[in-house]
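Reader: I would like to learn how to read the features of a model. Please take them one at a time.

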Amino acid sequence: MKLFITILRIAIGWHFLYEGLIKLVTPDWTSGDYLNSARGFLSGFFHWLAASPVRLEVVDVMNMAGLVLVGLSLFVGLLSRWSSLCGVFLLVLYYFAHPPFGISLLLDAHDGSVFVVDKLFVEMAALGLLAFCKEKGYGLDGLVRIGKKKTIVDAVVPPQEITLPETKTRREALKNLISLPVLGCLGWGAYRSNKAYGIDVMSGATVQINRVALSELKGELPKGKLGDHRISRLVMGGNLIGGWSHGRDLRYTDQLFKAYNTEKKIFDTLMLCEQAGINTINIGFPTIAVMAKYKKLTGSKINVITQIAISENSEDMFDNVTTAVDNGIDIIQLNGEWTDKLVRENRIHIIAGLMERIRRESCIAGLGAHDVNSLFACEEYGIVPDYFMKTMHHHNYWSVRNHSNTFHDNVFCLNPDRTIEFVNRTKVPVMGFKVLAAGAIEPKDGFHWAFENGADFICVGMFDFQVVDDINICIDTLRNLENRKREWFA
């Protein structure tokens, strides 16, 4: 029992000590990311701690000092009961910053984490055992007990009348010092490893959440209006999280996108977008369930636009409208491929019927298209949606091949000049999409071209690591538009 307690205490002590020392030697380490990304019912408290540079500095110092002192105390077995209780306190704070239940279980799940019980919980239980167990194992506390026992014996019984078991006492003292050479070996090994490979990338010093620096934002992202909705002028595109990569002849990219954008990553990205100022996303119809789950679990107020198709094999060809409304979708638009298809087949009346159906549901009705001729035809028919969504990009990129007058997976805006003509004559808001030609055009170039040529909003697919940069580019672009001729209609 004594040996088991000793091993358990040393193991936990080394964990605390290592985490504290790694943080101590890591340049500019801060708990800010961890605190800012806290979730659960105590998240407000942790966000408050991180909100002030002074409070954050105090927290960082106390965190590092606490880990080192608790770890060292447990390792050498000195005041181990009190250090165990202090360790429990630290772990309780870590546990409730990212609790393994509620939304945090989904977003912060990691190896060893299941509902309620995770590694922190198990370590807290072990420290509770060490705190209240009478047996403390071998350690410096044992030396103190031996010294006290010898002093008491000397005081009660005259030295000439007793014979202390010196050999036994010496062996007990050596056993209580066993942690010191172990500490030396582990410390030397960690030092050599750190010198050879740098900081352990799996330690708490380097595992950071939402590392993208929101502090680097250049300001607030401007907004416009669609109906009663205030929409950020940069709208999150849904293709990347839905797995539609437009990878041209790279056939693996759809799978790559889906592998990267797990449900956890999607939720993390959406929360980052909202924190950074993007308050709207435009999604494909299959992504509705994911967005409904996100809003339910997080309480998000993000505006959701969904693109729908026509259900030609259903009794109600507009039943996707009902599905979207039932899932809390805010804005509904006809998918661009369907607009082009219905116009080509001379069934524009179906588009008109869909616009009416969406409006009967008290939703904003949008109309998308890849081919600008589809929008001219709808306009001639008398269809005026609440906004248009049109592919908008130039053809000044090296891989463009406009050898045919049909949409394909490298050219999405077939006729930029005609698109500019249509956008500048329409009197309703316009949302430009594919403004980067699915990654072929640099954001600075694509954003400027779309806004300068009349777009009121742009819809752009973004990975999490691109969000802050894209917002900053959008802010700079909107501040420096000099040649835009069209007035803002949103």
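Reader: Which strands make up the closed barrel?

Author: Strands are DSSP runs of E of at least two residues, helices are runs of H or I of at least four, and both are numbered from the N terminus. Two strands pair if DSSP finds at least two bridges between them. Here a closed barrel of 8 strands runs β3-β4-β5-β6-β7-β8-β9-β10, with parallel pairing. From one strand to the next, the twist averages 25°. The model is predicted: local features need pLDDT of at least 70, side-chain atom pairs pLDDT 80 or more, while totals for chains, interfaces and linings use all residues. Residues are numbered from 1 along each chain as its sequence is written, and side-chain values use heavy atoms, without hydrogens and water.

Reader: How many bridges join β6 to β7?

Author: Strand β6 (residues 331-334) and strand β7 (residues 364-369) run parallel and are joined by 4 bridges. In β7, L367 stands opposite L334.

Reader: At what angle do α16 and α18 pack?

Author: Axes are lines fitted to C-alpha atoms, for helices over the stretch in contact, and angles run from 0 to 180 degrees between N-to-C directions. Helix α16 (residues 336-344) packs against helix α18 (residues 372-381) at about 65°, with the axes 9 Å apart. Contact means heavy atoms within 4.5 Å. T339, D340 and V343 of α16 make the contact with S374, A377 and C378 of α18.

Reader: Which elements each supply at least two residues of the lining of the second largest pocket?

Author: A pocket is an open set of points on a 1 Å grid over the protein atoms alone, where a 1.4 Å probe fits, with protein on both sides within 12 Å along at least five of seven lines; lining residues have an atom within 4 Å of a point. The elements that each supply at least two lining residues include α16, β7 and β10 (457-460).
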